[in-house]
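Please open the structure in your viewer and keep the selection tool at hand. Each stop below says what to select and what is there.

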Amino acid sequence: MEEKEGNTKINIADPVQDHQETTFSFDFRTEFLQDENKTPFFKPRSRRRRRDTCVIFAFVIIHLVVFLITMAVNDCVHNSHGDCAFKALGRMSFQPLLENPFLGPSASTLDKMGAIRKTLLAEHQTWRLFMCPLLHAGAFHFMINLLCIIFIGIYLEKEFGSIRTGIIYMLSAFSGTLVTAIFVRDSPAVCSSGALFGLLGATLSALARNWKFYTNKVAALLTLFFVAGFNLMLGLLPYMDNYSSIGSLMSGFLLGLVLFYTPRLRQVAQKKIGLGEYGVNSSFNWKQKLDRPVLRSASLLVFSLLFVGLLVAVLLGINISHHCRWCSYVDCIPYKRWSCNDLTSSCETMGSDKELTLTCMGDGNFRVFPFTNISQERTQDLCTLICS
């Protein structure tokens, strides 16, 4: 709008037009800041101090201590009469690869430490449900599992806090152990991978519910699928268990929907950036309140029903493997060194002053050992290897 007074030209701003331009500029800046606040999925926005992310490291230390105790109890040099891998480690040396492909303890040692086995659960040894999630099949399993737990767990702990991550870790691991207990065969099974899959399930739920806040969603999904697929392939080998992994994955996903929350972009007071010019500040925060109450409630209900159902089934001694022949192949791949079916290994023992001969009663295979002083548990280990 213009007015003329003599030879002087005076410009008068139109307040309506200026308001529309300001509003357009504000919306554009806000939309730009929302896009700018998107981040790669595995880059936490929360800036927690190192001491505030100690839960995962505490679990790692517990696993390390249990693994060292397991190998000390195994004492391959003494119990296997020097037939060990990496003999230079002495008492901490491993069983041969043909006996344990993960470079770990013997089957009898895993039984002593709390591995789940069908015949032992039938004797109501329920304490194994709490020890089994802490056991690893061997050094390879230990390193791969804990590296993945550190990678996934530290991210979740920085992003959503130690309490939530710790709850998901423990509940999903125990839920996976319950699944193992209703499918387990008459061979030792360890369930330490269950905690990893619980964290993977929780990470998947966080990615799904906060899909619009991340930039590399496909890459994140591929990473999660690769970690899960690789560990499931390892679970086809002896001693590792895939049932706990599958059960923990489902539990972790449901618990993630219950405990994790959604980020939001909020606007802060305008900030003056120049003479007569104002910019918009933005702050990316996590909603601490219980958003999406229907989804949370439904997920909590489903998890509670599954957890209680599994617990009752275990206490009643139900074993689904009796009624499902193909289920064993979820957890095992047939190979000449082991069997995916329950086989009762029985051997005839013949000893002399210096030698021990074990002959499998099922197929007639035999093997001569240059020693005689051997425990009954170790004899059963060797018999199982001969009859496999």
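The tour goes from a helix to annotated spans and then to a sheet.

This is a predicted model, in which local features need pLDDT of at least 70 and side-chain atom pairs count only at pLDDT 80 or more, while totals for chains, interfaces and linings use all residues. Residues are numbered from 1 along each chain as its sequence is written, and side-chain values use heavy atoms, without hydrogens and water.

Select residues 55-74, which form helix α2 and include Val-65; helices here are DSSP runs of H or I with at least four residues, and strands are E runs of at least two, numbered from the N terminus. Val-65 counts as partly exposed because its relative accessibility is 43%, partly exposed being the range between buried (under 20%) and exposed (over 50%), with a 1.4 Å probe and protein chains only.

Next, colour the spans that UniProt, in an unreviewed entry, labels "transmembrane region", among them 134-155 and 190-207; such annotations may be inferred rather than shown by experiment. Residues 134-155 are 77% helix and 0% strand, with end C-alpha atoms 22 Å apart, whereas residues 190-207 are 83% helix and 0% strand, with end C-alpha atoms 29 Å apart.

Finally, select the open sheet of 3 strands, whose order is β7-β8-β9 and whose pairing is antiparallel; strands pair if DSSP finds at least two bridges between them. Its edge strands, each pairing on one side only, are β7 (347-351) and β9 (366-369). Between β7 and β8 (residues 356-360) there are 5 bridges in the antiparallel sense, and Met-350 stands opposite Thr-357 in β8.
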